[in-house]
Amino acid sequence: MSTAAAAQSWCFATVTPRSRATVVASLASPSPSSSSSSSSNSSNLPAPFRPRLIRNTPVFAAPVAPAAMDAAVDRLKDGFAKFKTEFYDKKPELFEPLKAGQAPKYMVFSCADSRVCPSVTMGLEPGEAFTVRNIANMVPAYCKIKHAGVGSAIEYAVCALKVELIVVIGHSRCGGIKALLSLQDGAPDSFHFVEDWVRTGFPAKKKVQTEHAALPFDDQCAILEKEAVNQSLENLKTYPFVKEGVANGTLKLVGGHYDFVSGNLELWEP
């Protein structure tokens, strides 16, 4: 069997197109103000909204002073000390049972964005949620030769921990979704991993572009934030143990969207 044939035999879903594309938007960065063009022709055209261009070269942060690094580490130590005295030590009824093992009811897929934290957003305490965080809270389709980290987490949550609910939560102003919507066919990638990962949401992107082509970029992003969640929910059903649990009524799938601009949380079932 050829390598390509072997790959297809292991994967339930077709891999998204492999054409190389570039990320036109930086993750979670604001768009720049429009500037005048040096060309007389282009200056007469309205400047469309697009996120900031990322150059196709590595970008490194300026060196951080050792004192600032030490202060950042001290911040973590102080944070734990506060957690220990104000939460851990005061709730033995919560933490003592966790020493023997975990039995979470939820599995949560959330974005790695620092502005969103599913435990804080939904008031979940330690031991309640088995959590996976990645760029744009995406769940790829079942495939034994790719994304083993996500696949193993789903398998362990469903088969070993027996979670009852899998929740995929998107959020407002998601940089990963902006990157996905900004991908241009035929252009080189700017990152080692980002473009290939966000292409997981390629079908959702195409759906939004087809059904909402007349809308501005920002409005399409807002729609895609939810449509990508719906695609992840469908991708979850390509995992045989998830499909079986849903069919047996022992497992439920739920989509969500957290708007941290308005402070609203929306939940729905596929």
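Buried means under 20% relative accessible area, exposed means over 50%, and partly exposed lies in between. Phe 95 is at 9%, so it counts as buried. One more note before we go on: this is a predicted model.

Let me stay with those two rings. Phe 87 and Phe 95 form an edge-to-face pair. Their centres are 5.7 Å apart, with 85° between the planes. Phe 95 also pairs with Tyr 88. That pair is tilted, at 4.7 Å centre to centre and 40° between the planes. Tyr 88 is partly exposed, because its relative accessibility is 29%. Which cluster do these rings belong to? Phe 80, Phe 83, Phe 87, Tyr 88 and Phe 95 form one aromatic cluster. The count of aromatic pairs comes to ten.

Now the overall picture. The protein has eleven helices and seven strands. It has 270 residues, and 37% of them count as buried. Take the contacts between residues at least 6 apart in sequence. Of these, 73% join residues at least 24 apart.

Next, the sheet. It is an open sheet of five strands, in the order 3-2-4-6-7. The pairing is mixed. The twist averages 20° from one strand to the next. Which strands stand at the edges? Strand 3 and strand 7, residues 264-268, do. Each has a single partner strand, so one side of each is left without a neighbour in the sheet.

Let's walk through the pairings. Strand 2 and strand 4 run parallel, joined by five bridges. Val 108 has Val 167 of strand 4 as its bridge partner. Strand 4 also pairs with strand 6, again in the parallel sense, over seven bridges. There, Leu 165 stands opposite Lys 252 of strand 6. Then comes the antiparallel pairing. Strand 6, residues 252-259, is joined to strand 7 by five bridges. Look for Gly 255 and its bridge partner in strand 7, Trp 268.

Strand 4 deserves a slide of its own. How many of its residues are buried? Seven of the seven are, so strand 4 is largely enclosed by the rest of the structure. Leu 165, Val 167, Ile 169 and His 171 point one way. Ile 166, Val 168 and Gly 170 point the other way. Both sets are buried.

Leave aside its neighbours within four places in sequence. Ile 166 is then in contact with Met 107, Phe 109, Val 158, Leu 236, Val 242, Leu 251, Lys 252, Leu 253 and Val 254.

That brings us to the core. In soluble globular proteins, nonpolar side chains tend to be buried together. Here, the largest nonpolar core has 49 residues. Which of them have the most contacts inside it? They are Met 107, Phe 109, Ile 154, Ile 166, Leu 236 and Val 242. Helix 10, residues 217-236, gives the most to this core, with seven residues.

While we are on helix 10, find Phe 217, which has its place there. Phe 217 is buried, because its relative accessible area is 8%. Lys 178 is 39 residues away from Phe 217 along the chain. Their C-alpha atoms are separated by 8.7 Å.

Last stop, helix 6, residues 148-160. Which of its residues are buried? Val 150, Gly 151, Ala 153, Ile 154, Ala 157 and Val 158. Seen down the axis of helix 6, they fall within an arc of 165°, so they line one face of the helix. An α-helix has 3.6 residues a turn, so residues three or four places apart point the same way. On the other side of helix 6, Ala 148 and Gly 149 are exposed.

What covers that buried face? The cover includes strand 2 (106-111), strand 3 (129-134) and strand 4 (165-171). Helices are there too, including helix 8 (194-198), helix 10 and helix 11 (240-248). Just after helix 6, look at Lys 162, which takes a positive phi of about 60°.

To wrap up, keep two things in view. Strand 4 is largely enclosed, with parallel pairing to strand 2. Helix 6 has its buried residues along one face. Questions are welcome.

Key
Residues numbered from 1 in each chain as written. Predicted model: local features only at pLDDT ≥ 70, side-chain atom pairs only at ≥ 80, totals over all residues. Heavy atoms only, no water. Core = buried A, V, L, I, M, F, W, Y, C linked by side-chain atoms within 4.5 Å. Buried < 20%, exposed > 50% of the residue type's maximum accessible area, 1.4 Å probe, protein only. Helix = DSSP H or I, 4+ residues; strand = E, 2+ residues; numbered from the N terminus. Contact = heavy atoms within 4.5 Å. Arc of directions from axis to C-beta. Pairing = 2+ DSSP bridges. Axes fitted to C-alpha atoms, helices over the stretch in contact; angles between N-to-C directions. Phe/Tyr/Trp six-rings, centres within 6.5 Å; stacked < 30°, edge-to-face > 60°.
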